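The sequence and structure come first.

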Amino acid sequence: MFGLPATEEAAEPITKKQADLARTLPTTGRKPVTFLNPSESLADALPEELLLRLRRLKNERDPAGIFRGNFSTFG
């Protein structure tokens, strides 16, 4: 991805290869959890079925709400 063209002729194949690679990467349209800002929630990063599973596990394993993180599973 970081090819440096030494000449104008070298730029075209490097740009093409970068575009080809970018097209093959899987995308979900969601942000990674580590990139969320304070105004966002886990719902901005995770699909609904995964969020529901995390909520169920949180209720089962931590009913007293002792463990907390940066982003609540309920927010």
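## Asp62 and Lys58

Asp62 is buried, at 8% relative accessible area (buried means under 20%, exposed over 50%, partly exposed in between; 1.4 Å probe, protein chains only). Lys58, at 22%, is partly exposed. The two residues form a salt bridge with their closest N and O atoms 2.3 Å apart; a salt bridge is a side-chain nitrogen of Lys or Arg within 4 Å of a carboxyl oxygen of Asp or Glu.

## Basis of the model

This is a predicted model, where local features need pLDDT of at least 70 and side-chain atom pairs count only at pLDDT 80 or more, while totals for chains, interfaces and linings use all residues. Residues are numbered from 1 along each chain as its sequence is written, and side-chain values use heavy atoms, with hydrogens and water left out.

## Pairs within helices

Arg23 and Asp20 form a salt bridge, the closest N and O atoms being 2.3 Å apart. They sit three residues apart in helix α1, about one helical turn (helices are DSSP runs of H or I, at least four residues, numbered from the N terminus). Arg23 is exposed at 60%, and Asp20 is partly exposed at 26%.

In helix α2, Glu60 and Arg56 are four residues apart, about one turn. Their side chains meet in a salt bridge of 3.1 Å, N to O. Glu60 is partly exposed at 46%, as is Arg56 at 43%.

Technical notes: Helix = DSSP H or I, 4+ residues; strand = E, 2+ residues; numbered from the N terminus.
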